[in-house]
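Here is a short briefing on a sheet and a helix pair. Keep the viewer open while reading.

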Amino acid sequence: MRFKEALRDGSDPLYAPCTGVSRGITYWKAPKKYRDLGYKPTSVALGKVGETDPKVLAREARKLTVAMLDHFAAPDYPVGTWNWLIHRYETDDYSPFRKVKLNSRKSYREQLAKLKGAIGHLPIAAMTFEEISKMEVMMQRKGRTPGYIRRLMQMMRIVAGYGKALRIKEARDVSDTLGEMTFASGPRRNVHPTREQIRAIIDEADRRGLHGFAASILIQWTYMLRAVDVRGHWWPNDGQEGGFVRAGMRWQDGLTWDMVAPDLSSFDKVISKTRKSMPWPMTFELTPELKTRLRMLGVTGRFGPVIRDRKGSPYKQDTFSKTFVRIRDHLKLPKEITMMDTRAGAITEGRQMGADPFALRDAAQHANVATTDRYVRGRSESAAKVVKLRNQ
């Protein structure tokens with residue numbers, strides 16, 4: 001997008017970039033390119049049409065636009081440094097970073113910030129095998145977990161790989177070096193909720209009048225679904241038409257009433273995480289209990305998101321997680337159990353009941369059995385079961 005010189009010199013006092021009118025109110029809205037990069041605010045109400053001085057409105061629009069452009073102005077990073085390459089990875093028009101899902105992009109940015117702090121000032125070529133190994137040892141001495149180290153090294157791999165794609169010789173060398181190195185993974189989590197514990201959480205949520213929350217947990221447990229595929233999540237509005245939009249944010253990826261059969265016999269859902277590799281919807285038959293619950297939730301109208309809080313809005317991720325923690329602690333359940341363990345608990349139960357590995361893979365919406373296996377916990381119980389069967 002090109003802006004007039006008036007953007008900064010004010011030569012046209014009525015120049016109001018990035019503005020539009022909706023329901024009689026003029027809004028400034030960040031272009032999609034910058035929203036995709038995570039810029040906030042995404043939208044600002046400037047005033048009512050006919051009531052606000054157009055020059056004041058235009059001045060505010062220019063001010064907001066300049067702030068946005070300055071935020072993304074290319075820093076004066078020396079060419080050939082890690083800061084320079086990381087900045088290119090984050091901002092280049094054709095960088096694979098733009099294809100990363102929004103929720104993954106957030107965690108990527110956190111790792112990229114750590115990488116900048118650690119090696120950003122160094123030349124790309126400085127990260128030899130010896131220097132990478134020293135970096136790993138230094139992190140170990142600081143008490144960093146294997147998982148922390150592995151995530152940071154994986155981020156370095158990604159950035160170096162992008163530099164390799166750009167035919168930057170030094171980045172190619174680092175990418176090849178990292179390809180020959182291995183970094184220990186952190187230990188797998190070995191805790192998971194049982195069916196009885198999940199039922200206790202659902203019953204307590206019902207007692208508190210949190211029927212949407214209770215239904216979400218039951219759906220996650222019954223169908224081994226990720227929370228995001230049931231309750232959805234909020235992200236900066238990407239400018240698409242329709243959907244559930246509020247205060248510049250868009251709700252997406254959750255279960256909506258148009259996915260549910262009119263007779264409440266089933267629902268169809270495209271799994272968000274595997275949407276690109278498996279774009280077709282999966283059909284899930286509703287249990288009698290869930291039919292009853294959805295019938296109750298749909299009393300006020302079957303439109304938009306299925307899972308809502310008591311105020312009628314889709315849950316925010318942190319609110320949903322905090323609700324789980326409050327109920328778990330009230331019930332005096334193990335603090336090691338988190339809301340994210342619900343899916344792992346369901347998959348583990350399926351494995352312990354003797355489900356075929358490939359059927360379990362499909363039920364868990366995974367592309368391969370190896371991924372499903374990473375979710376299986378309670379291996380001691382499984383081993384004991386095998387011993388018992390062999391010695392009957």
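**Sheet and helix pair**

Serine 22 stands opposite isoleucine 25, a residue of strand 2. The model is predicted. Two topics follow.

**The sheet**

- Strand 1 and strand 2 (residues 25-29) are paired in the antiparallel sense, over four bridges.
- As a general point, strands of a sheet pair through backbone hydrogen bonds.

**The helix pair**

- Helix 4 covers residues 82-91, and helix 5 covers residues 102-119.
- Their axes come within 9 Å and cross at roughly 165°. Angles over 145 degrees count as roughly antiparallel, so helix 4 is roughly antiparallel to helix 5.
- The crossing of helix 4 past helix 5 is left-handed.
- On the helix 4 side, the contact involves Trp82, Asn83, Ile86, Tyr89 and Glu90.
- On the helix 5 side, Tyr108, Arg109, Leu112, Leu115, Lys116 and Ile119 meet them.
- Which classes of residue make up the contact of helix 4 with helix 5? Seven are nonpolar, one is polar and three are charged.

Definitions and conventions. Residues numbered from 1 in each chain as written. Predicted model: local features only at pLDDT ≥ 70, side-chain atom pairs only at ≥ 80, totals over all residues. Heavy atoms only, no water. Pairing = 2+ DSSP bridges. Helix = DSSP H or I, 4+ residues; strand = E, 2+ residues; numbered from the N terminus. Axes fitted to C-alpha atoms, helices over the stretch in contact; angles between N-to-C directions. Parallel < 35°, antiparallel > 145°, perpendicular 65-115°, else oblique. Left-handed = near helix turned anticlockwise from the far one by under 90°. Contact = heavy atoms within 4.5 Å. Nonpolar A, V, L, I, M, F, W, Y, C, P; charged D, E, K, R; others polar.
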